[in-house]
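Q: I'd like to learn how to read salt bridges and nonpolar cores in a model. Can you take me through them?

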Amino acid sequence: MRTDNTTQSASQTPADGVRLAAGDAELTVHPDNGCRIGSLRVGGTELLRQGAQYGCFPMVPWCGRIALGRFRNGGELHQMPVNAAPHAIHGTGRNLRWRTARSSATAAAFTYDLADPAAPWPYPGMVTQLVELAEDGRSLTLTMGVEAAQDSFPAQAGWHPWFVRNLDTAENGDDSGAQVRLDFAAEWQEERGEDHLPTGRRIPPRPGPWDDCFGMPQGVDVTVTWPGRLELKVTSRAEWVVIYDEQEAAVCVEPQSGPPNGLNTLPRLVTPIDPLEISTTWSWRTLT
């Protein structure tokens, strides 16, 4: 993966995170807290829900739930820690301290070792995340790569942003402003069973509220609109997106490389010569 055009070394990582800025946009990445974006402000307005478990975190080396926390790789059965009983959810990367490889005013690269003792993943390899603000401050591109060091293994990657439902609430606690609106056109919805896992059936998209995975074979394309304030588009060449809007404070638009439980149902093998790479771009414009 490309990690050039950066200047700051890992030893210079600020204790309060890595700050990037361009135009009227600024964001802060916290490598010590799962390499999550803790804040994204456009024109001084915060777009992400605040809190140590919120912001926008990378989901890696899997996305969503793994059934009972178990997956197979050939004849080997592996057990991941169950953190959303009875399943394992959202990977291990969000719980780790990542290394800041390089950073500049508008871009930064971060890595972690899949063999990190704090990450109970059974295969050695490397994960890299690039965070790049456009020079005009009107878009953000996130890129993640998963590399195998030895044996091949199934993996997934994606992002879990918590966009605030109401911009005024994020700023001053006033929830009287316009509520966020989500617009997208999916080709199918992964039917969700009572165990919160896809059943394997693809059904026509249903109206929300959602905690559901949708298929977009032409690439993820979701518009997040705060009427009269801001429009933000989430795009990716990935073909799956999870939409979660069942919480009062935030909505989530999660582009990912495969569906929930995909390590078991649709494994994408990472090999030493074939890494997994996924990218998403958020672009925005003001509506005032």
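Q: Is Glu 190 buried or exposed?
A: Buried means under 20% relative accessible area. Glu 190 comes out at 7%, so this residue counts as buried. Keep in mind that the model is predicted.

Q: Which residue forms a salt bridge with Glu 190?
A: Look for a Lys or Arg side-chain nitrogen within 4 Å of a carboxyl oxygen. Here the partner is Arg 202, with the closest N and O atoms 3.8 Å apart. The two sit 12 residues apart, Glu 190 in strand β18 and Arg 202 in strand β19.

Q: Which residue forms a salt bridge with Arg 201?
A: That's Glu 191, and the closest N and O atoms are 2.6 Å apart. This pair also links strand β19, which holds Arg 201, to strand β18, which holds Glu 191. Arg 201 is partly exposed at 48%, whereas Glu 191 counts as buried at 17%.

Q: How many salt bridges does the count come to?
A: The count is 10. One of them joins Glu 46 and Arg 41, at 3.9 Å from N to O. Glu 46 is buried, at 3% relative accessible area, while Arg 41 is partly exposed at 25%.

Q: Now the cores: how many residues does the largest nonpolar core have?
A: A core joins buried nonpolar residues through side-chain atoms within 4.5 Å. The largest one here has 67 residues, and Val 146, Phe 163, Trp 282 and Trp 284 have the most contacts inside it. Strand β13 gives the most to this core, with 5 residues. A second, separate core has 8 residues, including Tyr 54 and Phe 57.

Technical notes. Residues numbered from 1 in each chain as written. Predicted model: local features only at pLDDT ≥ 70, side-chain atom pairs only at ≥ 80, totals over all residues. Heavy atoms only, no water. Buried < 20%, exposed > 50% of the residue type's maximum accessible area, 1.4 Å probe, protein only. Helix = DSSP H or I, 4+ residues; strand = E, 2+ residues; numbered from the N terminus.
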